[in-house]
Amino acid sequence: MLSGFTPLAAGLPRVAVAAACTSLLNTGLLSRGLARGALRQRRKGLTSSAAAPAAASAPEEAAGEAYAAATKQVSLTINGRQVQVPEGSSILTAATALGIHVQTDTPKVKESIRGVLSLLKANHPADCMTCDVNGRCEFQDLTNRYNVDSYMSKKGLPKLRQFSHEWDDEQRAHAEEWHDSSSASITVDFEKCLKCGRCVTACDVVQDMNVLGMQGRGRERHPGVITSALAPSKCISCGQCAVVCPVGAITERSEWREVAEELDAQRKVMVCITAPAVRVAIGEELGLGPGAVTTGQMVEAQRRLGFNYAFDVNFSADLTIMEEGTELLSRLRRAWGLDQGADSGHSGHDSHAPGPLPMFTSCCPGWITTVEKSYPELIPHLSTCKSPAQMMGAVVKRHFASLINKKPEDICLVSVMPCTAKKYEAERGEMRREGEGPDIDYVITTREFGHLLRERHVPLASLPESGFDNPLVGGESTGAGVIFGNTSGVMEAALRTAYELATGQELPRLKVEAIRGLTGIKEATLRLPDSAPNGFAGRELRVAVASGIGHARHLLQRMHEGTAPRYDFVEVMACPGGCIGGGGQPKSDDPLVLLKRMGAVYSIDERSAIRKSHENPSIQKLYKEFLGEPNGPLAHELLHTSYTDRSHTSMPAYFTWERADEPQHPRLQQQEQGEK
């Protein structure tokens, strides 16, 4: 009998799939309903203000290990015996700690494994050489490890499917249903599916979206898209299904080949921009340990691939904070009745009136899609700021292009992101200007970047370090910019700047411990000092952070029900752990991988010379020489965006908690009316 599973499964949402849900669901030790119930129970009552363990001041790799080692311990009982293990560990890890050993390498077990793998391979397409996950495929690794080809020959087992579509007429008739390339971010090829159900668990249990589900009966039961296709469904392109898929059945829409062609042609100025979370994960894709920071080698690798310029998205993360922090202060002034005269902060651009509270962050395209498809009543509450990547694209195409005497269309900008949803974001109509094309031409994930490096034989780990380019943009960046990669990073960076701009004083502690860590829903209250000017004295700012869209949905439900506090500022990241756990990050079976990446990110922040966005001299120079002022006319034209209600044009999926068709947040509407 297993007890105490709830805290174990609810600890790390991403690892709940890889370590707990995958191992237990697939072995039959736990039903999907119990796993779902465990996560829901935690989400409903979960609002943590506990501090996350601090990272050590060793090199980044050691800091990541230390951060993981210092994580919270949980207790559980196996067969009546109690044991403590790190939060997020698997049941197998806990059993081993109790001295319960399971023999998995006996001849009988190995024979059984080879038999199962042989049956799976007999029904699997033989197109490994052209598959995007070739060489990084869990199933391929297992068949090689257990020498399945030799076993099948020895046993005389037939290879039922040498090539795609070589099976019976009934299945051939449904072949088109098994392929879906309608999404701008995700590609589905269920011919390759092993029917493990991990994608359904990620979509259903972890993300609470239920876009994917099990279809068919008996031997024909397999995962599938519940609606007709991904594009018209409620899918938010988070990619959590792709990151847990053991084969190439679900992958990001590949763009690395197009990037390789552009690099070979060199017809345009090739510019590469890289997100904060990539530097703590690209090493994993190339054989290094989780949390290894390879920033310098990564930049050198980009130059060896043929990029003319390499810019850091940390820079535009600082730019985002300047815009978002200013927008938050404007909304607070309006809500608190301080928006009068010179104190309004909006003289000269009244056309951009402040929106209502609470203000939700807008850096995550998966979260934006969630609002547009499922919660359109929240659109006025979204910050109008573009994501850091799109801000960088706009500045490079409009400003940097003029500095090097080029037209925007003469620049090919490639964005390296931990996120699959960024592919859709880059194709939005709001992210392009007439006659100039898109701000970002190609988006490749961390996994695709690793594929490109392997294909071009660039040995990242052995390369010398190189710095980002600094011809005005992409130069100095701050610790506030790099923590965007972690859940709560946007919130913490914004508070560092907004507090100082509002009060004229530094935030007492740059580390906001209450909102750090991997807990799904966190909150904090920040009291402004009594000496603060302009009506801010003594006021309280309530903030909340949701990590993973499943937790975000439950936070919204509590806000709708009135059981949550009245927040002023809410950060939502669609992926568990934030960008470090993005759908385009390297696949890992390490149950502490997110903690290690998180610790590495925080160690970079702590070692940064500048840790507040508004103190970045390159940002100050950009406003002085080009943008004018935060939230000014030109800043709004280039750095802000708008959103569209797509709830009526996307197909509703089955949801695990009931919600009426009426607006879901009347309390927010009441709050907005009260502010007026």
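This is a predicted model: local features need pLDDT of at least 70, side-chain atom pairs count only at pLDDT 80 or more; totals for chains, interfaces and linings use all residues.
Rings of Phe, Tyr and Trp, the last taken by its six-membered ring, form a pair if their centres lie within 6.5 Å. Under that criterion, ring pairs join Y309, F311 and F400 into a cluster.

The chain as a whole comes next. It contains 26 helices and 18 strands. Of its 676 residues, 61% count as buried. Among contacts with a separation of 6 or more, 78% are between residues 24 or more positions apart.

Returning to the rings, the structure holds five aromatic pairs. For F360 and W367, the ring centres are 5.6 Å apart and the planes meet at 40 degrees, so this pair is tilted. The class follows because stacked pairs need planes under 30 degrees apart and edge-to-face pairs need over 60. Both partners are covered: F360 is buried with a relative accessible area of 1%, and W367 is buried at 0%. An aromatic ring also takes part in a contact of another kind, in which the charged end of R516 sits over the ring of Y602 at 3.7 Å from its centre.

Two packed helices are described by the angle between their axes and the distance between the axes. Helix α15, residues 313–335, packs against helix α17, residues 388–403, at an angle of about 100 degrees and with the axes 8 Å apart. The two helices are therefore roughly perpendicular to each other. On the α15 side the contact uses V313, F315, S316, A317, L319, T320 and E323, and these meet P388, A389, M391, M392 and V395 of α17. Sorted by class, the contact of α15 with α17 has nine nonpolar, two polar and one charged residues.

A second pair of helices is α6, residues 107–122, and α8, residues 148–155, which pack at about 90 degrees with their axes 9 Å apart. That angle makes α6 roughly perpendicular to α8. Helix α6 contributes E111, R114, G115, L117, S118, K121 and A122, while α8 contributes V148, D149, Y151, M152 and K155. The residues of this contact divide into five nonpolar, two polar and five charged.

Helix α15 also carries R331. This arginine counts as buried, at 2% relative accessibility. Leaving aside residues up to four places away in sequence, R331 touches P354, G355, P356, L357, M359, P380, H381, L382 and S383. One of these, M359, is 28 residues from R331 along the chain, and the C-alpha atoms of the two are separated by 7.9 Å.

How much of helix α14 is buried? Helix α14 spans residues 295–305 and is mostly covered, with eight of its 11 residues buried. Those residues are G296, Q297, M298, V299, E300, A301, Q302 and L305. The elements that cover them include the helices α12 (256–265), α13 (282–285) and α19 (446–455), together with the strands β9 (269–274), β10 (309–312) and β12 (411–417). After α14 comes G306, which has a positive phi near 120 degrees.

Technical notes: Residues are numbered from 1 along each chain as its sequence is written. Side-chain values use heavy atoms; hydrogens and water are left out. Buried means under 20% relative accessible area, exposed over 50%, partly exposed in between (1.4 Å probe, protein chains only). A charge sits over a ring if NZ of Lys or CZ of Arg is within 6 Å of the ring centre and within 35 degrees of the ring normal. Axes are lines fitted to C-alpha atoms, for helices over the stretch in contact, and angles run from 0 to 180 degrees between N-to-C directions. Helices (H or I, at least four residues) and strands (E, at least two) are DSSP runs, numbered from the N terminus. Angles under 35 degrees count as roughly parallel, over 145 as roughly antiparallel, 65 to 115 as roughly perpendicular and the rest as oblique. Contact means heavy atoms within 4.5 Å. Ala, Val, Leu, Ile, Met, Phe, Trp, Tyr, Cys and Pro count as nonpolar, Asp, Glu, Lys and Arg as charged, and the others, Gly among them, as polar.
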